[in-house]
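Let us learn to read a protein model step by step.

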Amino acid sequence: MPSHPSDPTLQARLLGTLLANLEGMVYRCRLDAHWTMEFVSEGCLALTGHPEEDILFNSRVSYDDITHPDDRDLVRNAVLAAVKNNRRFDIEYRIVRADGEVRWVWERGTNISHDNKQWDVLEGFIQDITERRQADEALREAERRYRSIFENAIEGIYQSTPGNGYLAVNPALARMYGYNSPHDLISTLKDIEHQVYVEPKRRIEFMQLMLKNGVVTNFESRIYKRDGEIIWISENARAVFNSTGDLVFYEGTVEAITERKLHEAEIQFQATHDALTGLPNRTLLYDRMQQAVLHSERYSNITAIAFLDLDQFKFINDSLGHQVGDELLKITAQRLTSCLRESDTVARQGGDEFVLLLTSQPDEESITQTMQRVLHEVSQPWMANDLEFRITCSIGVTLCPDDGRDVETLLKNADSAMYKAKELGRNNFQYFAAEMNDTVTDRLALLNRLRQAIPNNEFVLHYQPKVDLGSGKIIGSEALIRWNSPEGTVSPANFIPLAEETGLIIQIGEWVLRTACRQNRTWQLAGHPPIPVSVNLSPRQLARGDIVELVERILAETGMEAKYLELEITESVMATDVEKSFSLLTRLRALGVKISLDDFGTGYSSLSYLKRFPVDTLKIDQSFVRDIATNPDSAAIIKAIISLGHNLNLTVLAEGIETEEHFQFLLKNGCNEGQGYLMSKPVSNHAFIKLLHEGIRQYS
Ligand SMILES: Nc1nc2c(ncn2[C@@H]2O[C@H](COP(=O)(O)O[C@H]3[C@@H](O)[C@H](n4cnc5c(=O)[nH]c(N)nc54)O[C@@H]3COP(=O)(O)O)[C@@H](O)[C@H]2O)c(=O)[nH]1
């Protein structure tokens, strides 16, 4: 028969079972100096390591002894306070077990009323909570660590709400965004989308990515700092959901990447721009051209590609030095840029070649106007070494889609048109025409043949007499090269510029100098009246700097006296590297060689140099002579040159005299000497000897 729950025997047995199996110790003790135990449950041994009988009535050890010395006051104060206030006490403290191990315990108890008035009695329960305390401590430690990371991280850390505000940010993020403290940031930024992101749509993209993937990685954006400064940041973040799957907040890290971005931009810029001029380079040009071609095709508008080459740049670079050459390229880059719209592109193709990309052009007229502007701007004077210079350019223009629909073709066509512009006297622009491509092929073929001309003995010299205008007597000769190529005679006007461009002129010029001196000496040895021979000196020959040695060597080789050699240089040679030219010409003069300034009046050199430079003769350019009758300006210029020359004690020679009228005008105005078809065209060596003997027609 089952016992009734109120049966005292049953209750005692249940209580005994409970006490025996409790993890901890039930006790009854006196509130005295030793916490004298009157009763302890079976758990005493497990808790303290002491058997019950050792503790009861302090037989071997008191509970006060077991209490950790550092915690005894704490325990006593807590118990006394509770007793005084008639409350339960509830304390955590340490005990020292029999084996010396320190354990944390949790004690709850109360003062109970009883008949003995000698001492108060406490009843309670003491439980080992060491594991929990350790777990709590570990948790607190972990929290401390994470807080330290949060507080001291260099990266910004945040939690933000989908509602556009911040829940928490660390000091690094506040600093990064220019705020005094995390609180300052959180209370100011209530609308992340507009207050933080420079492009507010980035916040929307951020949220969309979160919705789709739950994370964003390396999410790079530009953001406003508190003072309005814009910086680049990179975010790594994740969405945090609650147990029911609702989005609670986003949390993530922020890295300031402005420096990296600037560095990347710098690298990108370097990869796509020319280091000297800062202009887009070939890579970027091709890219933009490709886009422009597509645009032209889609919207049926014109894209113009202009290939521009500086005239005489190589000469300037060689003679004035690379620093001046670089300066000129930079100035040209600026001038070109100033002529175009922002949407157009000026690129440096390499060397002294530039490409202009003009998009969405309304018509050819507008392109023509731009090209005229470019020619004008490029030819403006510029200063180097305190000297004023001018340089011109030649431009080839091709149109998309009419002349080509791919980058390579368009550039090739523009290049061909540029060569045409060079051929037509430089300082002009030409639109591409299909037949121009043949010209480029022809040029390459010509160059190949030109290389073989000296070894194959294909050059000869012709001579044009120089005549004293007063007496009509031949007083000199100009050596002019002729090329009897196997394919026919090639005019020097066609191959000299090519030889100049490619440097072949150095070899050719040396051949001319040697041949002219040798033949002149042969005339003299044959008993013909000795007259000087003039040889054209290319700017490149002078720029090399060894011309004096070359002339000396050839004079020695041929036995010709220096006074019979005249070197014709152009004005530009004199005006480029002034000191170098001055020194070379002075040394040539010292040998006894004469110097004449060819094509005078067409260049830009300062007249002050004329006074200083060792020059003997001014050769009035034939373009002025040709226009004597039709252009009063030309006539006036001729008169001025004659007067200038005479004032400087120079001989003045006019070239290109083709008519009696030219002759009379020049004679009347005091020009000393002349050259031209009226007297004689350039003739062969043999024919010239004949002229020397027979003389030419007498004038005046
Ligand atoms: N560096 C070198 N340049 C040279 C050399 N030989 C010639 N050249 C240069 O080539 C250009 C063309 O020369 P060319 O066809 O020989 O023409 C010369 C004369 O034939 C021409 N001329 C002379 N008189 C008249 C005339 O009355 N009318 C007319 N239309 N042309 C005429 O002028 C040219 C001479 O020019 P210049 O040298 O300025 O005195 C030319 O630039 C030559 O310089 C060479 O060996 N080396």
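The dialogue below goes from the whole chain to single residues.

Q: What kind of model is this, and how many helices and strands does the chain have?
A: The model is predicted. Its chain has 28 helices and 26 strands.

Q: What share of the residues in the chain is buried?
A: Count neighbours to decide. A residue is buried if 20 or more other C-beta atoms lie within 10 Å of its own. Of the 700 residues in this chain, 34% are buried.

Q: What share of the contacts joins residues 24 or more positions apart?
A: Look at contacts with a separation of 6 or more. In this chain, 56% of those are between residues 24 or more positions apart.

Q: Does helix 1 lie in the open or is it buried, and what is the number of buried residues?
A: The number is zero out of 14, so helix 1 lies largely in the open.

Q: Which residues touch the most other members of the largest nonpolar core?
A: That core has 105 residues. I305, A306, I395, V397, A414 and I620 touch the most other members. Helix 16 gives the largest share, seven residues.

Q: Which residues does A306 touch?
A: Leave out residues up to four places away in sequence. Then A306 touches V355, L356, M371, I395, G396, V397 and A414.

Q: Which residues come nearest to the ligand?
A: There are 23 residues around the ligand, and L480, I481, P492, N536 and G676 come nearest. Strand 19 (474-485), helix 18 (492-502), helix 19 (505-525) and strand 23 (594-600) each give two or more residues to this shell.

Q: How do the residues of that shell divide by type?
A: Nine are nonpolar, nine are polar and five are charged.

Q: What should I expect of backbone angles before I look for exceptions?
A: Most residues other than glycine have a negative phi, and most peptide bonds are trans. Now look for departures from that.

Q: What is the peptide bond from C400 to P401, cis or trans?
A: It is cis, with omega near 15°. P401 lies in the loop between strand 16 (393-400) and helix 16 (407-423).

Q: Where does N457 lie, and what is its phi?
A: N457 is in the loop between helix 17 (436-453) and strand 18 (459-468). Its phi is near 60°, a positive value in a residue other than glycine. N457 counts as exposed because it has 9 C-beta neighbours inside 10 Å; the limit for exposed is 12 or fewer.

Q: What is the phi of D599, and where is its place?
A: D599 has a positive phi of about 50°, although it is not a glycine. Its place is in strand 23. With 18 C-beta neighbours inside 10 Å, D599 counts as partly exposed.

Conventions: Residues are numbered from 1 along each chain as its sequence is written. This is a predicted model: local features need pLDDT of at least 70, side-chain atom pairs count only at pLDDT 80 or more; totals for chains, interfaces and linings use all residues. A residue is near a molecule or strand if its C-beta atom, placed from the backbone, lies within 6 Å of it. Helices (H or I, at least four residues) and strands (E, at least two) are DSSP runs, numbered from the N terminus. Ala, Val, Leu, Ile, Met, Phe, Trp, Tyr, Cys and Pro count as nonpolar, Asp, Glu, Lys and Arg as charged, and the others, Gly among them, as polar. A nonpolar core is a set of buried Ala, Val, Leu, Ile, Met, Phe, Trp, Tyr and Cys residues joined through C-beta atoms within 7 Å. Two residues are in contact if their C-beta atoms, placed from the backbone, lie within 7 Å.
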